[in-house]
Amino acid sequence: ASRRAEALWDSDELGTALGLERAAMEAPASPAPPRRPRRRSSGFTRAVAAMAAALALVVGGGHFNDLRYALTADYTAGTGAAESVTLADGSRLVLNAGTAVSVDFSPGERHVTLLRGDAYFEVTPDPERPFEVAADGAVARVVGTAFGVSISPDGTGVAVREGRVAVSGDRDPDHRVDLRAGRMVTVAGGRPGVARTVDVDQSLAWLDGRLIFENWPLARVVAALDKYHAGVVVLASERVRDYRVSGNYRVDDPPTVIRELARLSGAEVIEATDYLMVLR
């Protein structure tokens, strides 16, 4: 939502909506009956309402992306809820909220494509049929193990909890990085980077319903919360978007997390509707 919101803030639709609101505010006021005091002026409230209307124009197309995944995926997990699936070979697949995968099993191979989001695999061993996961230019190949794959703006991350995983990129499939338990690699631009040691439980914190981050820009945190939050969060200034935060939060109540992060960053929170929060 944060990426859609940032696009909104610079969009022509928002400028038009606020321009109309400004004109309305400058027009002579007509007599009106008394009303109860409000926290903001009616002009400010109408401006936020205009922004919400523009928001619908800008981000409404996101539903078409959801429809595309619904038509191509075999399994999906909606906003705010992880899903667990047992595949035909007995392997267990856990999809984080907002995740979509397609599955193609044949007598000679087991192939899963992660279309978006985060997935965790507990693979039933079968030496005759390697288990392969493709995700945004990355390919992870195993026989039997437990590992997570996540697609993010920085690339596709593969973290191993048990066993071993061979990771390659579609630009150079012969270059493979062999990962053992407690190791992770990120594939970007179709090529794997350098393997590194990680806290796998932290990397897979979403399995426990948590989001753990250290020194992230607030915009990145809000983007990570997007899959758990049905509403939209607008970060209305560069200062707010770039503010660095660290934390360990449950993801079952994103608005509360966002309010706390706003407090830490010194941002004002405007809750225009149940589905629109503005931080400025």
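Q: How many salt bridges does the structure hold?

A: A salt bridge is a side-chain nitrogen of Lys or Arg within 4 Å of a carboxyl oxygen of Asp or Glu. The structure holds 11 salt bridges. This is a predicted model, in which local features need pLDDT of at least 70 and side-chain atom pairs count only at pLDDT 80 or more, while totals for chains, interfaces and linings use all residues. Residues are numbered from 1 along each chain as its sequence is written, and side-chain values use heavy atoms, with hydrogens and water left out.

Q: What is the overall make-up of the protein chain in helices and strands?

A: Helices (H or I, at least four residues) and strands (E, at least two) are DSSP runs, numbered from the N terminus. The protein chain contains 8 helices and 20 strands.

Q: Which parts of the sequence does the salt bridge of Arg92 and Glu122 tie together?

A: The side chains of Arg92 and Glu122 meet in a salt bridge at 3.3 Å, N to O. Arg92 belongs to strand 3 (residues 92–95) and Glu122 to strand 6 (residues 118–122), so the pair ties together parts that are 30 residues apart in sequence.

Q: Is Arg92 buried, partly exposed or exposed?

A: Buried means under 20% relative accessible area, exposed over 50%, and partly exposed in between (1.4 Å probe, protein chains only). Arg92 is partly exposed, with a relative accessible area of 35%. Glu122 is also partly exposed, at 32%.

Q: What span should helix 8 have?

A: The expected span of a helix is 1.5 Å times one less than its number of residues. For the 12 residues of helix 8 this gives 16 Å, and the end C-alpha atoms are 16 Å apart, which agrees. Helix 8 is followed by Gly266, whose phi is positive, near 75°.

Q: Where do the buried residues of helix 8 lie around its axis?

A: The buried residues of helix 8 are Pro254, Pro255, Val257, Ile258, Leu261, Ala262 and Ser265. Seen down the axis, they fall within an arc of 155°, so they line one face of the helix. The arc is that of the directions from the helix axis to the C-beta atoms.

Q: How many residues of helix 6 are buried?

A: Helix 6 (residues 218–225) is mostly covered, with 7 of its 8 residues buried. Among them are Leu218, Val221 and Leu225. For the protein chain as a whole, buried residues make up 44% of the 280 residues.

Q: Which residues is Leu225 in contact with, leaving aside its neighbours within four places in sequence?

A: Contact means heavy atoms within 4.5 Å. Leu225, which is buried with a relative accessible area of 2%, is in contact with Leu211, Val251, Val257 and Ile258, leaving aside its neighbours within four places in sequence. Leu225 and Val251 are 26 residues apart in sequence and 7.2 Å apart in space, C-alpha to C-alpha.

Q: Which residues have the most contacts inside the largest nonpolar core?

A: In soluble globular proteins, nonpolar side chains tend to be buried together. A nonpolar core is a set of buried Ala, Val, Leu, Ile, Met, Phe, Trp, Tyr and Cys residues joined through side-chain atoms within 4.5 Å. The largest nonpolar core has 30 residues, and those with the most contacts inside it are Leu211, Phe213, Val221, Leu225, Leu261 and Leu279. Elements that each supply at least two residues of this core include strand 16 (210–217), helix 6 and helix 8. Helix 6 gives the most, with 6 residues. A second, separate core of 28 residues includes Leu95, Val142, Phe147 and Val187.

Q: Is Thr99 buried or exposed?

A: Thr99 is found in the loop between strand 3 and strand 4 (100–105). At 0% relative accessibility, Thr99 counts as buried. Not counting residues up to four places away in sequence, Thr99 touches several residues, including Tyr75, Leu114 and Asp118.
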